[in-house]
Amino acid sequence: MRYRSAIDADVAAEHAIFCTAVGALHRARNYPWTDPPLAEFAKNRAHIQSTDPERCWAAELDGRLVGYTRAIVRDGTWFFASLFIDPAAQGRGIGRHLFELAVEGAPRRRLTITDSIQPISNALYGTKGLLPVAPLVRLTGRAVDVGTPALERSEATIEDLAKVDRAAYGFERGLDHPYWASRGTRHAWSRDGRLVAWSYRWSNGTIGPLAAVDPQSAAETLLAELALDPVTRIELPATARPLLAAGLEAGLRIDPPMGLLLASHGVQAPTSLAIGTYGLY
Ligand SMILES: CC(C)(COP(=O)(O)OP(=O)(O)OC[C@H]1O[C@@H](n2cnc3c(N)ncnc32)[C@H](O)[C@@H]1OP(=O)(O)O)[C@@H](O)C(=O)NCCC(=O)NCCS
């Protein structure tokens with residue numbers, strides 16, 4: 001076994017491991033799974049590799065890539081972004097070792113997102129103090145009767161966005177806004193002239209991330225997005241209760257399996273956001 005820093009040239013091998021490992025997990029439980037195109041996978045990977053290269057690691061067995069991991073640090077919070085091991089190499093301690101490399105020197109505030117159907121990762125992270133704080137619910141479909149939006153579209157500076165970041169996430173996402181803006185369209189939302197939320201809309205209709213200064217504004221942001229285009233896909237922690245209720249009342253459907261948001265001791269579950277992707281929160 002050889003552990004080393006991940007490099008740009010690993011992207012195709014990482015994509016193959018990701019598709020095989022996650023595909024096997026879903027198929028074994030009869031959940032549908034579609035591999036993401038390499039080009040899509042590569043964009044998220046390149047963003048993290050450029051912002052946090054020292055937290056991206058690879059495992060090689062006899063010169064062949066068999067596992068990889070990535071983590072980010074934003075504003076004093078560590079988010080564990082990815083850990084995937086080739087099924088043929090699982091259960092030999094490689095995942096545990098890669099986790100330890102990615103967590104070295106990490107701040108105490110820690111978060112990650114897992115599949116609820118994966119006991120191994122949930123147990124592994126649990127032994128490291130990362131325990132579930134919220135189910136992650138995926139809603140999909142066409143909304144009906146969303147009514148007249150309570151929020152207006154507005155302009156926002158990066159400082160305005162940061163205020164919303166802190167309220168929703170508890171830390172700033174300044175490094176990630178340019179990446180999200182390169183992948184989708186950003187909308188800033190205000191009530192009575194005050195910025196209360198931002199959201200990203202992808203070309204395939206997906207909404208996320210979405211962040212607001214309070215739970216009700218998060219729900220109103222979803223309704224305002226649905227008034228622009230009623231067909232969507234959005235993933236949110238169940239602790240964002242008005243947001244979840246608004247999505248269900250608008251007629252969106254729950255698409256299983258659920259995910260889990262894991263956090264270290266003292267980190268509160270979010271109440272006014274929807275995530276972007278499992279790999280960037
Ligand atoms: C999850 C994954 C990353 C773990 O990597 P791995 O190299 O197979 O795991 P390791 O061998 O390092 O360690 C697994 C640990 O979990 C323990 N474990 C396994 N099943 C368990 C269970 N049901 N309950 C509790 N612990 C369990 C093992 O005993 C081992 O602990 P140990 O180190 O104390 O012996 C890997 O299996 C994988 O890629 N799976 C498919 C994709 C995936 O789900 N990725 C994670 C997304 S959140």
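## Helix packing, ligand shell and backbone features

The buried residues of helix H8 (residues 241-249) are covered by elements including E6, helix H7 (215-228), strand E11 (231-237) and strand E14 (273-274). Helices (H or I, at least four residues) and strands (E, at least two) are DSSP runs, numbered from the N terminus. The model is a predicted one, in which local features need pLDDT of at least 70 and side-chain atom pairs count only at pLDDT 80 or more, while totals for chains, interfaces and linings use all residues. Numbering starts from 1 along each chain as its sequence is written.

In H8, Leu-243, Leu-244, Ala-246 and Gly-247 are buried; a residue is buried if 20 or more other C-beta atoms lie within 10 Å of its own, exposed if 12 or fewer, and partly exposed in between, with C-beta atoms placed from the backbone. Seen down the axis of H8, these buried residues fall within an arc of 160°, so they line one face of the helix. The arc is that of the directions from the helix axis to the C-beta atoms. Just after H8, Gly-251 adopts a positive phi of about 100°.

Helix H3 (94-103) can be described in the same terms. Its buried residues are Ile-94, Gly-95, Leu-98, Phe-99 and Ala-102. Down the axis of H3 they fall within an arc of 135°, so they line one face of the helix. An α-helix has 3.6 residues a turn, so residues three or four places apart point the same way. Strand E2 (56-61), strand E3 (64-74), E4 and H4 pack against the buried residues of H3. Gly-105, which follows H3, has a positive phi, near 75°.

Which residues are closest to the ligand? They are Gln-90, Gly-95, Arg-96, Pro-119 and Ala-123, within a shell of 21 residues; a residue is near a molecule if its C-beta atom, placed from the backbone, lies within 6 Å of it. Two or more shell residues come from each of helix H1 (11-28), strand E4 (77-85), helix H3 (94-103), strand E5 (109-115) and helix H4 (119-126). H4 gives the most, with five residues. By class, the shell has 11 nonpolar, seven polar and three charged residues. Here Ala, Val, Leu, Ile, Met, Phe, Trp, Tyr, Cys and Pro count as nonpolar, Asp, Glu, Lys and Arg as charged, and the others, Gly among them, as polar.

The largest nonpolar core has 72 residues, and those with the most contacts inside it are Ala-197 and Leu-222. Such a core is a set of buried Ala, Val, Leu, Ile, Met, Phe, Trp, Tyr and Cys residues joined through C-beta atoms within 7 Å. E4 gives the most to this core, with seven residues. At least three residues of the core come from each of domain 1 (2-107) and domain 2 (139-256), whose bounds come from an automatic or database domain assignment. Apart from its neighbours within four places in sequence, Ala-197 has contacts that include Leu-151, Val-164, Trp-189 and Leu-210; two residues are in contact if their C-beta atoms, placed from the backbone, lie within 7 Å.

The centres of domain 1 and domain 2, taken over C-alpha atoms, are separated by 28 Å. Seven residues of domain 1 are in contact with seven residues of domain 2. Helix H2 (residues 38-51) supplies three residues, the largest share of the side of domain 1 that touches domain 2. That side has no nonpolar, four polar and three charged residues.

Leu-130 lies in the loop between H4 and strand E6 (131-142). With 26 C-beta neighbours inside 10 Å, Leu-130 counts as buried. Leu-130 and Ala-263 are 133 residues apart along the chain, yet their C-alpha atoms are separated by 4.8 Å. Leaving out residues up to four places away in sequence, Leu-130 touches Arg-110, Thr-112, Tyr-125, Leu-262, Ala-263 and Ser-264.

| Site | Feature | Location |
|---|---|---|
| Gly-208 to Pro-209 | cis, omega near -5° | Pro-209 in strand E10 (residues 207-212) |
| Pro-256 to Pro-257 | cis, omega about 0° | Pro-257 in the loop between strand E12 (253-254) and strand E13 (259-263) |
| Asp-62 | positive phi of about 50° | loop between E2 and E3 |
| Asp-192 | positive phi of about 50° | loop between strand E8 (184-191) and strand E9 (194-202) |

Asp-62 counts as exposed, with 7 C-beta neighbours inside 10 Å. Asp-192 is exposed, with 7 other C-beta atoms within 10 Å.
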